[in-house]
Amino acid sequence: MIRHLVLFKLNDGVRRDEPRVVEGVKAFRALGEQIPELTFWECDWNITDRPIAYDFAINSAVEDTDALKRYIEHPAHQAGVALWREFATWVIADYEF
């Protein structure tokens, strides 16, 4: 199994309640039901306000590297990424467990 973690930081001046951000969150929340390769899916806003904290997180799992590739290339994932690219930056970590 591979854990796929993503942490998002909203760009300066971007608020969580902006329509484009709300749309991006909605797109990512739906991925768990849209992409069969995902064996585990959760995402939500960070609840702490520490200066080093990121704003939004995805915690997911897939079976193997082939499934991870299919997930990344899936049209629904690509559409969500395109939305988030407009208002945030992110870091990822993929590891076997």
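A salt bridge is a side-chain nitrogen of Lys or Arg within 4 Å of a carboxyl oxygen of Asp or Glu. The model is predicted.

Q: Why is the contact between the side chains of Arg70 and Glu37 called a salt bridge?
A: The N to O distance is 2.9 Å. The cut-off is 4 Å between a nitrogen of Lys or Arg and a carboxyl oxygen of Asp or Glu, so the pair Arg70 and Glu37 qualifies.

Q: What makes Arg70 and Glu37 a tie between parts of the chain?
A: Arg70 lies in helix 3, whereas Glu37 lies in the loop between helix 2 (31-34) and strand 2, so the pair links parts 33 residues apart in sequence.

Q: Is Glu37 buried or exposed, and why?
A: Glu37 has 16% relative accessibility. Buried means under 20%, so Glu37 counts as buried.

Q: Why is Arg70 called partly exposed?
A: Its relative accessible area is 43%. That value falls between the limits of 20% and 50%, so Arg70 is partly exposed.

Q: What makes Asp17 exposed?
A: Asp17 has a relative accessible area of 55%. Exposed means over 50%, so the label applies. Asp17 also forms a salt bridge with Arg15 (3.1 Å, N to O).

Definitions and conventions
Residues are numbered from 1 along each chain as its sequence is written. This is a predicted model: local features need pLDDT of at least 70, side-chain atom pairs count only at pLDDT 80 or more; totals for chains, interfaces and linings use all residues. Side-chain values use heavy atoms; hydrogens and water are left out. Buried means under 20% relative accessible area, exposed over 50%, partly exposed in between (1.4 Å probe, protein chains only). Helices (H or I, at least four residues) and strands (E, at least two) are DSSP runs, numbered from the N terminus.
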